[in-house]
Amino acid sequence: MEAELAALAGAGASAVVQAMATDTWADVRLRVSELFRRAAADAPAEAAAETPTEAADAAETAAPPRPAEEPSPAAPPESSDEVTARWQASLRGLLEQHPEAAVELRALCEELTGEMAGEVAGERAGEVADGSAAGPDDSHPVPPVHNSVTGGLQGHVVQASSINSLTFQAASLQGALPDPDGWPRAEDVDPVALGVRPTHRIPALPALPPYVLRDRDDALIAAVTRAREAGGLVLVLGEPFAGKSRTALEAMAQTLAGFRVFAPARGADLRGLPALLQGRPGRYVLWLDDLDGYLGDAAGGGGGGGLEPRLLAQLTALGVTVLATMREDAYDEHRHTPHGRVLDLATVVELAREWSPAERAGLAQQAGRTGDPRLVDALCSSGPEGAAAYLTLGPLLWDEWWRARRADRHPRGHALVRAALDLARCGLHGPLPMDLLIKVHEGYADVTGMDREPLADARAWATERRHGLLRLLVRGTGDTWRVAPFLLEAAERHDTLPPVDGQIWGCALDVARTDDTYDYPRVAAAAREAFRRAAEAGDGTALHNLGVLAESLGERAEAEEWFRRAADAGRTEAAGRLGRMLADRGEGKAAEPYLELAAEAGDAEAATLLGKLLRERAERWLGVGKEGGSVEATYLWGDLRLAAGDDTDAFDSYHDATLVGCADAAGRYGSLMLLWNELSMAEVWLWRAADSGDEWAAERLRDFFDAPPPQDIEQELKGRAEEGRPLAAANFGVFLECRDRSEEARPWHLKAYESGDPHGAFRLAELHKKADEPAEARAWYRKAAAMGHPGAKRALDEEDGTVIG
């Protein structure tokens, strides 16, 4: 210890003497004097006589003048070695009686020697290579120069035989650091400015939700309290998004109230802090969030200006509390490196990312007491990742998802997540089939560039885990997925997300209607409110959607009103719906204009219904014309009756027309004879019509009276059956039956049954019945009846009164 004090005294003396030749001497002289006077003031009364207070003044007056000054003739100046020896003796005595002054003296030495630079100017600039220097010519050699350096700390050393003038300029380390009087107090700092990640911002609420107590708070406060009394480093250690910064700052605000807080920029040079804080009356805390950015060479631009054991010792001696955070992976990385040795001196408090039951209970209590929606969301939705990670990571992932909609990012992945999000906004909070999400995501016309991203890539992006914690889409069972809760909660706070489209609401209603997992009335009520808002904004499609929703709920009067408003707004799909409702109520004439509007827009069902209504009206008015003696109305009325399946009325109508010589009725009359298998009579009337130019009658003549041979018909029917056309297999089987080839017919009837045609089963039953196989016949009748064949139902009913429905 004595040797160390002697070395420090020698280094201090050298530094002070070197400072005498610089512009900083006045400041250094004052600080050294204050060092001696402060030590004297702190000394006990009985030791006051031994405290070298006079030594400082004596040393100051003994110091030689600046080189530019003239020495006094009465008192020749002392040599540099003599002055250095006097200073060393004074400083040695100071340190022996006041060891605590070593910290300030060491800081002063580092400041002076670490920054001092010298310039050497003379009549000749000699390059020193081997310890000698040459003069203007070689005739006057200069003797070699020998130097020795003693002491623990040295600055720049100039080696020369003679120097005409010498100026040292030392840059002040204090100038690079802000004035401590401007540092904020611990209780006033902004946590977000000091590294706490923000949560979702909510108008009228603070930037951060209220703090929730953590299990390690007591241990952390105890460690910070000890550092407050004696200085030192307290390190909060944990995984990313564990809440380290918020927890540490809460402890600082609670324990270090009144302390001034310095939060340097990452990589800042901290070596000037001890000198900056030396002698100041206040208390200070150094905040180092993510400590690995301030360790040794990690700071100061590689010059070693970061936190290291010696600097920490100086700060500790000054009563400075160093409060820091660090990730576990960074701690493991730097723990055994040279610049990480300061970690050995830290009081480490570990903070778990996952929240314990006690912490979640505190979260519930705080959420209930304050009503802060962010805490409520975290309580309801956070899982193993912990509430802190949920609160801080959620906004980051929302931004990532929202920006991904651009064509050069992940537009299809964005749309897949948006599909799940929008369906959840409709009330479908459970897992949904990926097929449904794929179907819905194709409908986002405002998302461009989806064709550039393969579906597999989009799916992988949407389901990958971020930061090892959260996903945008969370897997359910099988290939089902639900949107992450934090996205759904964030969507409620962002007005940038468009309202859910009506088609997506329609999908949601279809799912809720058929899946007992969901409350359909609740989803329907939400849909109604969404449609109303859109309708009030002038959306005609929303009017139609309100009608569809009301109709699905059995509210026909309300549905009719919405459809009418939508149709009047030009929505043809609503016109078709309204027309059908009116026709079902017997108001065919009122329905016709709406059905016609929809039919002209391509609504096939509306066109069919309109045709039926018009046919009914046509039949009525043609009947009036027939009764009034119109021949044309007579056979046209017969056409309508034949189309309706009333061949008797049709025959009477055609017959009446022919009796008055209506040639236009001849073809119709002949067709009816053909239908009744009156081939001879049919041929006569069809020839009359064909000769009159009736192309349809001529075609009937060719089909029935110039028919192809049976073998050609067989080949045609067999070909259709082999192609798998609907009804063809059973028809071919019947053709074979009619030609007493029942055994050949059986496999075709079986093929018909297996393809879903009940007629095949019915014919097999008939064949078994003819073969006197009642059990087999009954079995096939039952199969045909189960498939809806009316003949099979009648056969069973006639047999035992059993009706299969």
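This is a predicted model: local features need pLDDT of at least 70, side-chain atom pairs count only at pLDDT 80 or more; totals for chains, interfaces and linings use all residues.
1. Across from Val 474 you will see Arg 482 in β12.

2. Now widen the view to the sheet. Its 3 strands follow the order β8-β12-β11, the pairing is antiparallel, and the sheet is open. Because β8 (432-433) and β11 (473-475) each have a single partner strand, they stand at the edges, and one side of each is left without a neighbour in the sheet.

3. Look next at how β8 joins in. β8 and β12 form an antiparallel pair over 2 bridges, and Pro 433 stands opposite Thr 480 in β12. As a reminder, strands of a sheet pair through backbone hydrogen bonds.

4. A helix belongs in this picture too. Helix α14 (residues 411-425) lies across β8, β11 and β12, and runs at about 75 degrees to β12.

5. Finally, turn to the second largest pocket, which holds about 510 Å³ of space. Helices α7 (244-255) and α13 (387-403) and strand β6 (321-327) each give two or more residues to its lining. Of the 29 lining residues, Gly 243, Lys 244, Ser 245, Arg 246 and Thr 392 lie nearest the centre of the pocket. The lining divides into 15 nonpolar, 7 polar and 7 charged residues.

Note on methods. Residues are numbered from 1 along each chain as its sequence is written. Side-chain values use heavy atoms; hydrogens and water are left out. Two strands pair if DSSP finds at least two bridges between them. Helices (H or I, at least four residues) and strands (E, at least two) are DSSP runs, numbered from the N terminus. Contact means heavy atoms within 4.5 Å. Axes are lines fitted to C-alpha atoms, for helices over the stretch in contact, and angles run from 0 to 180 degrees between N-to-C directions. On a 1 Å grid over the protein atoms alone, a cavity is a set of points where a 1.4 Å probe fits but cannot get out, and a pocket is an open set with protein on both sides within 12 Å along at least five of seven lines; lining residues have an atom within 4 Å of a point. Grid points are joined across faces, edges and corners, and a volume is the space filled by probe spheres set on the points. Ala, Val, Leu, Ile, Met, Phe, Trp, Tyr, Cys and Pro count as nonpolar, Asp, Glu, Lys and Arg as charged, and the others, Gly among them, as polar.
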